[in-house]
Amino acid sequence: MMIPRLGGMRWRPVILVLVIMVMLALAWLPTGSLLPEQRSNKPQLYVTYAIENADSELLNNLQFDLQQRLEQRHEWRIIESTEPYIWRLNITFSRPDQLVIHGELTAPLMETIADTDTRTVQRFKVQGPAEASGALPAQFVKVLIDLVESGEAAAAQKQ
């Protein structure tokens, strides 16, 4: 049986190419069987901000600067809602006598061998005089990157 020609072209190669393209397109679609934390290899981060003296323009600027730095980093994805598999970061800005950025980083929920759920919480702070307000967010992000990377490495070793 002869395959009809269309303008000097055979249909079989065209059909094979179309089938291959459809198979490749289907291979890239999500299967739905993966959990949300398995769909990305980047840590996911939920961030909350609190300013102890909300009328302080310096603290508001510091919060804005830190928020911009966190959103632009490629080490993690910022998530809008909290889930058990997401890192949680609570940030508090205060100014008793120096500028202080308090951070409380809560690791994702991990199941242990005894089937109990455990979360590790790490508290840290960065402080300095008002003249160093430009350097504080950068230092805070550096500390945060180290904590998240070490936490991810420890979680990978447990698995």
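A salt bridge here is a side-chain nitrogen of Lys or Arg within 4 Å of a carboxyl oxygen of Asp or Glu. By that criterion, the structure, which is a predicted model, holds 3 salt bridges.

Start with the pair inside a helix. Asp65 and Arg69 join their side chains in a salt bridge, at 3.1 Å from N to O. Both belong to helix α2 (residues 57–72), and because they sit 4 residues apart, about one helical turn separates them. Asp65 is partly exposed at 24% relative accessible area, and Arg69 is partly exposed at 30%.

Next come Glu75 and Arg73, whose side chains meet at 2.8 Å, N to O. Glu75 counts as buried, since its relative accessibility of 18% falls under the 20% cut-off. Arg73, at 32%, is partly exposed.

The remaining pair is Arg123 and Glu104, with the closest N and O atoms 3.2 Å apart. Arg123 lies in strand β9 (residues 121–128) and Glu104 in strand β6 (residues 99–106), so this bridge ties together parts 19 residues apart in sequence. Arg123 is exposed at 64%, while Glu104 is partly exposed at 26%.

As for the overall fold, the chain has 3 helices and 9 strands, running β-β-α-β-α-β-β-β-β-β-β-α along the sequence. Of its 159 residues, 26% count as buried. Among contacts with a separation of 6 or more, 60% come from residues 24 or more positions apart.

Trp11, Ile15, Val19 and Met23 form a nonpolar surface patch, together about 390 Å² of accessible area. Val19, found in helix α1 (residues 11–28), is partly exposed at 42% relative accessibility.

Terms used: Residues are numbered from 1 along each chain as its sequence is written. This is a predicted model: local features need pLDDT of at least 70, side-chain atom pairs count only at pLDDT 80 or more; totals for chains, interfaces and linings use all residues. Side-chain values use heavy atoms; hydrogens and water are left out. Helices (H or I, at least four residues) and strands (E, at least two) are DSSP runs, numbered from the N terminus. Buried means under 20% relative accessible area, exposed over 50%, partly exposed in between (1.4 Å probe, protein chains only). Contact means heavy atoms within 4.5 Å. Patches are made of residues with over 30% relative accessible area and no salt bridge: like charges are joined within 9 Å, nonpolar side chains (Val, Leu, Ile, Met, Phe, Trp, Tyr) within 5 Å. Accessible areas come from the Shrake-Rupley method with a 1.4 Å probe; for residues, only the protein chains shown count as cover.
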